[in-house]
Amino acid sequence: MVFEGKKIVLGVTGGIAAYKAVEIASRLRKKGAEVHVIMTQEATHFVAPLTFREITGQPVTTDMWTEPSHWHVAHIALAQLAEIFLIAPATANIIAKAAAGIADDMLTTTLLAVKAPIFFAPAMNSAMYENPVTQENIAKLLRLGWHKIEPAAGYLACGTAGVGRLPEPVDIVGEIEKSLSVSSSLYGMKVLVTAGGTLEAIDPVRFIGNRSSGKMGYAVAKEAARRGAEVVLVAGGTVALPDPPGMRVLHTESALAMREAVLQEAVEADIIVKAAAVADYRPKEAAGQKIKKNAEEITLVLEKNPDILMELGARKKPGQVLVGFAAETQNLMEYAQRKLTKKNLDFIVANDVTRTGAGFNTETNLVKILSRDGSVEEVPLMGKDALAALILDRVEFLQK
């Protein structure tokens, strides 16, 4: 069971839907969770703390200034204890304060110290929910990696109908259960992903680059975040995709800039997926001003870029998983096998970019996965999101 033995902190705020939080706590406990409740002062006007204490069998925290039963800092203790943090109902007020980093009561102070997955279930009047300020605050929390449980539509306590109802407790618990059944497998791991191509400057206007869109790397990064990992995504200069929520995104342009970012982040990474298409060469000298179209011919002298993947393989620490990609137009297996061995990879994802559905800037990919033990897995044409999940399944298998 997903919740068996899990320590869950339930934050209850001052909305009429607070009464539903009693059933949420009850359902979580029946599924084997240890539930600790933090109530805002406003929430105590709707439900008595005693109710939650009897349901959970645990003390209920309502005040920053209550004399502690044990000598510890209460909000830090609860933050460290939490393996899952749920706010239900999440009012417009708590969403706004969390988005702004305000810490003026026990719940908001604890939230700033939490490292566990945070779920929140907005519940409020539909006009408040649809207000652009509330939507901006929700969007910020999503970018920070919070998990939103969508509000239901229907009759509201204020007498109107619309979106803003707190979903039924069984649905809230089910949503968390469904999410955690896949999202906790990489919890506590740091995953470093590179994506896209690099741009090597010829002058301030022109560059040498490739057609990589970064879609494959972004799919891997999003899947790793969905599995609970701490993700750092290093994007190359060809990427024009929005930053995925729930991770740090470092934007680089050239191979040298990407190398600097990657080597710095790789030190603490447990898993590295090097999906970027880094330029092999760069102009030896980039012109300071735009080169004018005067001569019939122009000669560019290129010099070799550092091999980032080779450096990562040479520095790989025990237990670290290193995955590479090989995008080829000929001799796919020969080149991929050579790269796998030479660069000390755990496995390599190889694709012939001339094949239909497998080239740059597509929504699908057609690959072979070559492993260090000599095995080759033929992967059928599939969407990049599905392939990302398959790649991380193989990574997790190596860690067992």
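Biologist: Let me start with charges. What do the side chains of Glu-54 and Arg-53 form?

Modeller: Side chains of opposite charge can pair when their charged atoms come close. Here the side chains of Glu-54 and Arg-53 make a salt bridge, at 3.8 Å from N to O. The rule asks for a side-chain nitrogen of Lys or Arg within 4 Å of a carboxyl oxygen of Asp or Glu. One caution: this is a predicted model, where local features need pLDDT of at least 70 and side-chain atom pairs count only at pLDDT 80 or more, while totals for chains, interfaces and linings use all residues. Residues are numbered from 1 along each chain as its sequence is written, and side-chain values use heavy atoms, without hydrogens or water.

Biologist: Which residue forms a salt bridge with Glu-396?

Modeller: Its partner is Arg-227, with the closest N and O atoms 2.8 Å apart. This pair links distant parts of the chain, 169 residues apart. Glu-396 sits in helix H13 (residues 384-399), and Arg-227 in the loop between helix H9 (215-226) and strand E12 (230-235). Helices (H or I, at least four residues) and strands (E, at least two) are DSSP runs, numbered from the N terminus. Glu-396 counts as buried because its relative accessibility is 15%. Arg-227 is buried too, at 7%. Salt bridges with shared partners join Glu-223, Arg-226, Arg-227, Asp-393 and Glu-396 into one network.

Biologist: Where do Glu-23 and Arg-27 lie?

Modeller: First, the idea. An α-helix has 3.6 residues a turn, so residues three or four places apart point the same way. Now the case: Glu-23 and Arg-27 both lie in helix H1 (residues 18-30), four residues apart, about one turn. Their side chains meet in a salt bridge of 2.8 Å, N to O. Glu-23 is partly exposed at 35%, and Arg-27 is partly exposed at 32%. By the salt-bridge rule, the count comes to 25.

Biologist: Next, annotations. Which residues does UniProt list for "binding site"?

Modeller: An annotation is a record, and may be inferred rather than shown by experiment; UniProt positions follow the numbering used here, and feature names are shortened. The unreviewed UniProt entry lists Asp-280, Lys-290, Pro-306, Asp-307, Ile-308, Leu-309, Phe-325, Lys-339 and Lys-343. These span 64 residues in sequence, and the farthest two C-alpha atoms are 37.6 Å apart, so they do not all gather at one spot.

Biologist: What can you tell me about Ile-308?

Modeller: Ile-308 is buried, at 3% relative accessibility. This residue is found in helix H11 (residues 308-315). Contact means heavy atoms within 4.5 Å. Beyond neighbours within four places in sequence, Ile-308 is in contact with Ala-255, Met-258, Arg-259, Val-262, Lys-274 and Val-278.

Biologist: And where is Lys-339?

Modeller: Lys-339 is in helix H12 (residues 332-342). At 21% relative accessibility, Lys-339 counts as partly exposed. Leaving aside neighbours within four places in sequence, its contacts are Leu-309, Phe-325, Ala-326, Leu-345 and Ile-348.

Biologist: How far from Glu-328 is the nearest side chain of opposite charge?

Modeller: For Glu-328, the nearest opposite charge is Lys-339, 5.7 Å away. Glu-328 is buried, yet has no salt bridge. This residue lies in strand E17 (residues 321-328). Not counting residues up to four places away in sequence, Glu-328 touches Tyr-335, Asn-351, Asp-352, Val-353 and Thr-354.

Biologist: Last, the whole protein. How many helices and strands are there?

Modeller: The protein has 13 helices and 20 strands. Of its 400 residues, 48% count as buried.

Conventions: Buried means under 20% relative accessible area, exposed over 50%, partly exposed in between (1.4 Å probe, protein chains only). Lys and Arg count as positive and Asp and Glu as negative; His and the chain ends are not counted.
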